[in-house]
Amino acid sequence: MYAGVFVAAIIETVFPPVPTFAIFPLAGYFASQSKMKLLEVIGLGVAGGAGATIGSTIIYFVCIKLGRIALLRYLRYARITDERLAKIEKWFEKYGDKAVFFGRMVPVLREMISIPAGLLRMRPAKFITYTFFGSCVWSISLTLVGYYFGVITIEIF
């Protein structure tokens with residue numbers, strides 16, 4: 001189950017149309033149905049955080065490699081213009097570290113925050129550290145929501 005959550009977290013991070021809310025709560029629910037202990041459920045969340053970190057790091061290094069000009073060519077499909085990207089970069093310069101940590105807990109932003117981090121060449125060790133801890137907070141929280149939902153449904157039925 002850990003490997004499945006890990007791989008699913010990588011996929012949902014690299015391919016944003018796959019929703020986070022479909023992975024972690026469902027994993028927590030299945031963990032409750034499998035009678036997993038709370039520490040094991042937290043381990044599922046950490047596995048998800050590790051997978052999300054790998055996925056985010058892939059996006060981060062792609063942005064470093066492609067650079068701003070090439071990236072704008074691809075981002076126009078997501079309706080992100082040069083002006084909009086400039087605003088994002090300015091905001092990121094001001095709040096970079098906090099943005100990566102807290103951004104990992106905000107739907108949609110969690111995938112996008114790797115782009116300015118890569119474009120502005122945030123130190124890799126710092127990026128990975130903030131991404132891992134922010135991702136773990138998010139994935140553990142959602143996994144526990146699913147787990148406790150499963151526990152409640154077991155008690156009701």
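User: Which residue's side chain meets that of Glu-12 in a salt bridge?
Analyst: This is a predicted model, where local features need pLDDT of at least 70, side-chain atom pairs count only at pLDDT 80 or more, and totals for chains, interfaces and linings use all residues. Residues are numbered from 1 along each chain as its sequence is written, and side-chain values use heavy atoms, leaving out hydrogens and water. A salt bridge puts a side-chain nitrogen of Lys or Arg within 4 Å of a carboxyl oxygen of Asp or Glu. At 2.9 Å, N to O, the partner of Glu-12 is Arg-110.

User: How many residues apart are Glu-12 and Arg-110?
Analyst: Helices here are DSSP runs (H or I, at least four residues), numbered from the N terminus. Glu-12 sits in helix 1 and Arg-110 in helix 5 (residues 109–112), so the pair links distant parts of the chain. Their separation is 98 residues.

User: Are Glu-12 and Arg-110 buried or exposed?
Analyst: Buried means under 20% relative accessible area, exposed over 50%, and partly exposed in between (1.4 Å probe, protein chains only). Glu-12 and Arg-110 are both buried.

User: What is the relative accessibility of Lys-126?
Analyst: Lys-126 meets Asp-97 in a salt bridge at 3.3 Å, N to O. The pair joins helix 4 to helix 7 (residues 124–156), with Asp-97 in helix 4. Asp-97 counts as partly exposed because its relative accessibility is 28%. Lys-126 is also partly exposed, at 26%.

User: Where does helix 4 bend?
Analyst: Helix 4 (residues 82–103) has 22 residues, yet its end C-alpha atoms are only 21 Å apart, short of the 32 Å that a straight helix would reach at 1.5 Å a residue. The bend (the angle between axes fitted to the seven residues ending at a position and the seven starting there) is about 95°, and it falls at Tyr-95.

User: Which helix gives the most to the nonpolar patch?
Analyst: The patch covers about 820 Å² and includes Phe-6, Ile-11, Ile-54 and Tyr-74. Helix 1 (2–14) and helix 3 (38–75) each supply at least two of its residues. Ile-11 belongs to helix 1, and with five residues, the top contributor is helix 3.

User: What is the C-alpha to C-alpha distance between Met-1 and Leu-44?
Analyst: Met-1 lies in the segment before helix 1. Beyond its neighbours within four places in sequence, Met-1 is in contact (heavy atoms within 4.5 Å) with residues including Phe-30, Met-36 and Leu-44. Met-1 and Leu-44 are 43 residues apart in sequence, while their C-alpha atoms are separated by 7.7 Å.

Key: The expected span of a helix is 1.5 Å times one less than its number of residues. Patches are made of residues with over 30% relative accessible area and no salt bridge: like charges are joined within 9 Å, nonpolar side chains (Val, Leu, Ile, Met, Phe, Trp, Tyr) within 5 Å. Accessible areas come from the Shrake-Rupley method with a 1.4 Å probe; for residues, only the protein chains shown count as cover.
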